[in-house]
Amino acid sequence: MKPRSFDYVRVKSLAEAVIALARHGTEAKIIAGGQSLVPLLNMRMASPAILVDINALAELRGISLEGGSLRIGALVRQAEAEGSVEIAKHAPLIAKALPYIGHFAIRNRGTIGGSIALADPAAELPACLLALGGEVEIEGAKGARTVKADDFFKDLYETALGPGDVLIAIRIPVPSKDMRFGFSELARRHGDFAMAGLAACRDGKSARLAFFGVGSTPLRAKKAEAALAKGSLEEAVAVLDHDLDPPDDIHSSGKVKLHLAKTLLRRIAPELAA
Amino acid sequence: MKIADDLPSALTALDRPNSYIGRSVPRPNLARLMQGRGQYVSDLALARMAHVAFARSPHAHARIKKIDAAAAKKTPGVIAVVTGPELAKVITPWVGVLSHLKGIKSAPQHAIAIDRACWQGEAVCAVVAKSRAEAEDAIDLLDIDYEELPVVTDAETALDAKTLVIHPELGDNLTFERKHEAGEVDKAFKEADAVVEATFVFGRHTGVTNEPRAIVAYWNEGEQRLTVYQGTQAPHMMQNLFAKHLSLAEHQVRVVTKDVGGSFGIKVHTYADEMATVALSKLLKRPVKFVADRLESFITDIHARDHRVKAKIGVKKDGTITAFEIDDLTGIGPYSVYPRTSGIEANQVVNLVGGPYKCPNYRALARVVFQNKNVMCQYRAVGHPIATAVTEGLVELAAAKIGIDPLEMRRKNLIPDDGYPCAGASGIKFEKLSHHAALEKLVKMMGYEKLRAEQAELRKKKIYRGLGFASFIEVTNPSAAFYGVGGAKISAQDGATLRLDAQGALIVHSGVTEQGQGTEAVLAQVAASAFGIAIERVRVVTGDTDNTPYGGGTWASRAAGIGGEAAWQAGKALRQNVLAVAASILQSEPKALDIRNGLVVDADTGRERITLDEVARVAYFRPDTLPPGFQAELVATRHYVPRAWPFAFTNGIQASYLEVDIDTGFVKLLRHWCVEDCGTVINPQLVDEQIRGGIVQGIGAALYEHCIYDERGQLLNGNMADYLVPMAGEMPDMEIGHVVSPTADSELGAKGAGEAGTAGAPAVVMNAINDALRPLGAKIITEMPATPGVVLKALGRV
């Protein structure tokens, strides 16, 4: 449980980070909170040649309202987000989800950007971003770009981020007054990755349902969303059979996960009602 | 019998002035540990110390065709690369058998595999380097050529003719078998009004210690002496084994055990990697350190349970139990663990099933088989959780079948409190138990009727809560009957040496050990009480084979009952020695004097006569002033071993109140109770916390912990993210009560309490889940852990 040796650079600017990443390509890994990366290093399941430490980058910090959207810097710690008035007010779905992430000690170090960039399929924040229709700000060798959440999560631990990219911030559209949010997950112990989870929001008829822990990425249940738009919860629950096809994992079968996903939708539905 | 917190205690030999017996005295080592000043082997560094890491087989069963270490040897920091055949020149192999377990067999196990690895995780090569990281770097560069062999993983088919025999020289995969028959079983089943059968499945799990296994071995070539700093429960046992397998005399080996970060039975066995570390130190003539990391802990620390028990109970309409029958099968990995063997758990299951009850008709078959998985051996409450869950599961299923209250069923069948001494159907002997008093106390503590009413009320609102119970017995204070008679050099007796220091303080050396449960507090309390001194002036030394009396250590709930009694007797003896000196100084008679609160006083009036430091001053520095021919002896040693009973059985009853979410299969634990009778309670807080900790480990088995293997013998969840240890957030409040039936075998009267919680908790959780689901017509759950998937399946929801 000792990592292989690696080089380490603590970059002082975003430009420096992008240069370092470009130079080392796939040999480099970004370290911020380290809550997933450090165990992987210790178990020798990851052995990058160099760690690029971005913790000194002030431009990746802060939570702000910018032109109708809430911008959360990648380096915002999950614990800091938990205490944020702006997030509570403008992204209540994220506020609901944060206490489910690991434990206090993990949230003290773990970052918002790290969770999105790693894209663990059973993690809370990627599903929230997807449910909220948010965007991801990326800085890379070819400059800055923005990717919609719907296009960001590609496959298991695979995102729109390339080897030279730095996730800068996420942006959440400020919700209308009528927007309703629901969040719930089922984990054997508090703080574990969920067996199944659901981050959802609804504005009038239109609903966005992002399930997590039931596939390779957080997943929109679009047939169920359509059924909810028609006003039929029972149909929405039934069509999850087509939206989701959870694989078995060591703790439960896919069948159990699908059952739990349906239960979550039923339980969250009242919170989504106007 | 007395109920501890209801009645004032009768005055006994234990109720000396300034007695600490029965008081929740804080542990003397608490401040040190809380300040992070513990002395754990994991933190130990010696000059010239090297670190060893092991290449471990990635396969469950494989021939080692070639190990090419050329590149590894050139890695920076590497001191030596050592294979199994090379190390076998320094250390001999061992076979984990005991002569009193008739027919038990196993194959020789080496410190490092010679030519074949028999489980995923078995060490196949050692790398010694200046740091652990450098050793791991070198392991990356070892080129090991394996030829995968067929595997035996399913215990159910391990004995089939077409299954590979793991050790061909043994003839088959049967490690051990025990059959037992008492009374008239067939007749009793025929006479029963109802017979209930069930198959109970207990998942394989392990004891996750806070500090992993850790050892530093130092062979001093100049002294021809080996010093081993080890986190172990049994220093003298390890001294014997290190000496035996390194071909040394025992006096050439010193085992030092300071602070140990939890054991739970994990650290009372011989581990090949620890034996290898000791052998490497001898080979390289320098200190070598090994600390198991969390990943190797999961694949090498002994696993436990993994039993499949087909079981049957016969019952009359009035609730009388007519017979029990069990067929237990357990797979224990490729080797019986040395020196305690892997046959003990199944043997205990046979001993303990039906144990609380009068029923004389009992048939049991237990079979223990080899398989290519990590080894299994004794972990906290050995066999008890299985026997209790089977017995109490059957009792509640039978009660439900004939429509009788589960507590009524027990009242009818539990051995009466005035029925002792007596023997159980398995042949175990009971001195004095208190099942009925414990049950009635539990009923009162929990408010049984009110909870039943609440349960009924909530069911109308589709909230499904359940109550589950388990009466149980626990093996404690083992005599030589446990291991000694089988030929293992594991001491059943234990000793204490008490010395008055030159300022009149008391120094206690004991053969039992401390792994975080408070042994040293208990020893200090007992010694202070017996001698007559304030506990602040008592210093306890344990865990050093050079400096403590020969003893067994701490396991099988023996430290307080056996080590405590030795300290009690030594305290009394030293008091007499000191009073002889005092009487000589005061020209009085020893019997006219006593020691109270650190002063020598007149026995009659309590008037102060002389201080202890004055007695010590005279004895040590001015013996010339004492009468000619008088020699002060300010040291006393006493030993103790239970003789009247092979084991001091204890008893108790637990209850669980929980809620099942029938849509998710999740179980929410609401409350938990335990009433336990461990005889004299020396430190109520330590006993209660032992029981609470034990309950948590039992709940782990019931709901969370599971070493999940695939059919190829690969452990799929050997890490702290995927192996679910119980966490505080999910644990219920636990209320603990006591009934006190002291053992007459010792003056102290203390029996063990360390495993009671673990013995009963899995059974009560299982029973409570079944009680919750009963009105829904769910299938009975007899599988542990009861995951959400298991519960949903029983409900027919998936």
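1. Let's start with how chain B is divided. Its domain 1 covers 42-149 + 208-300, domain 2 covers 380-474 + 648-794, and domain 3 covers 493-640. Domain bounds like these come from an automatic or database domain assignment. Before going on, please note that this is a predicted model, in which local features need pLDDT of at least 70 and side-chain atom pairs count only at pLDDT 80 or more, while totals for chains, interfaces and linings use all residues. Residues are numbered from 1 along each chain as its sequence is written, chains are lettered from A and ligands numbered from 1 in the order in which they are written, and side-chain values use heavy atoms, with hydrogens and water left out.

2. How far apart do the C-alpha centres of domain 1 of chain B and domain 3 of chain B lie? The answer is 40 Å. The contact between them (contact means heavy atoms within 4.5 Å) takes 19 residues from domain 1 of chain B and 18 residues from domain 3 of chain B.

3. Next, look at the area hidden between these two domains. Domain 1 of chain B and domain 3 of chain B bury about 1,300 Å² between them, and 45% of that is on carbon and sulfur atoms. Buried area here is the accessible area (1.4 Å probe) that two parts lose on being put together, summed over both. Three residues, B:Gln233, B:His236 and B:Arg254, supply 47% of the area that domain 1 of chain B buries against domain 3 of chain B, more than any other three residues.

4. A salt bridge is a side-chain nitrogen of Lys or Arg within 4 Å of a carboxyl oxygen of Asp or Glu. Between domain 1 of chain B and domain 3 of chain B the count is three salt bridges. There are also eight residue pairs in polar contact between these domains, both residues at pLDDT 80 or more. A polar contact is a pair of N or O atoms within 3.5 Å; within protein, one must be able to donate a hydrogen and the other to accept it, and residues adjacent in sequence count only if both atoms are side-chain atoms.

5. Which elements give two or more residues to the side of domain 1 of chain B that touches domain 3 of chain B? They are α6 (235-245) and β11 (253-256) of chain B. Of the elements on that side, β11(B) gives the most, with four residues. Helices (H or I, at least four residues) and strands (E, at least two) are DSSP runs, numbered from the N terminus.

6. Now turn to the two chains. In the contact between them, 21 residues of chain A meet 31 residues of chain B. Together the chains bury about 2,300 Å², 62% of it on carbon and sulfur atoms. Six salt bridges are counted between chain A and chain B. One salt bridge joins the side chains of A:Arg44 and B:Asp137 (2.7 Å, N to O). On the chain A side, helix α12 (residues 254-272) of chain A supplies the largest share, six residues.

7. After α9(B) comes B:Gly354, whose phi is positive, near 75°.

8. B:Thr300 sits in helix α8 (residues 294-300) of chain B. At 4% relative accessibility, B:Thr300 counts as buried. The side chain of B:Thr300 reaches the backbone oxygen of B:Glu296 at 2.5 Å. B:Thr300 and B:Met376 are 76 residues apart in sequence, and their C-alpha atoms are 9.5 Å apart in space.

9. Finally, a residue of chain A: A:Ser115 belongs to helix α7 (residues 112-118) of chain A. A:Ser115 is buried, with a relative accessible area of 15%. Leaving aside neighbours within four places in sequence, A:Ser115 is in contact with residues including A:Gln78, A:Leu125 and A:Pro126.

Technical notes:
Buried means under 20% relative accessible area, exposed over 50%, partly exposed in between (1.4 Å probe, protein chains only).
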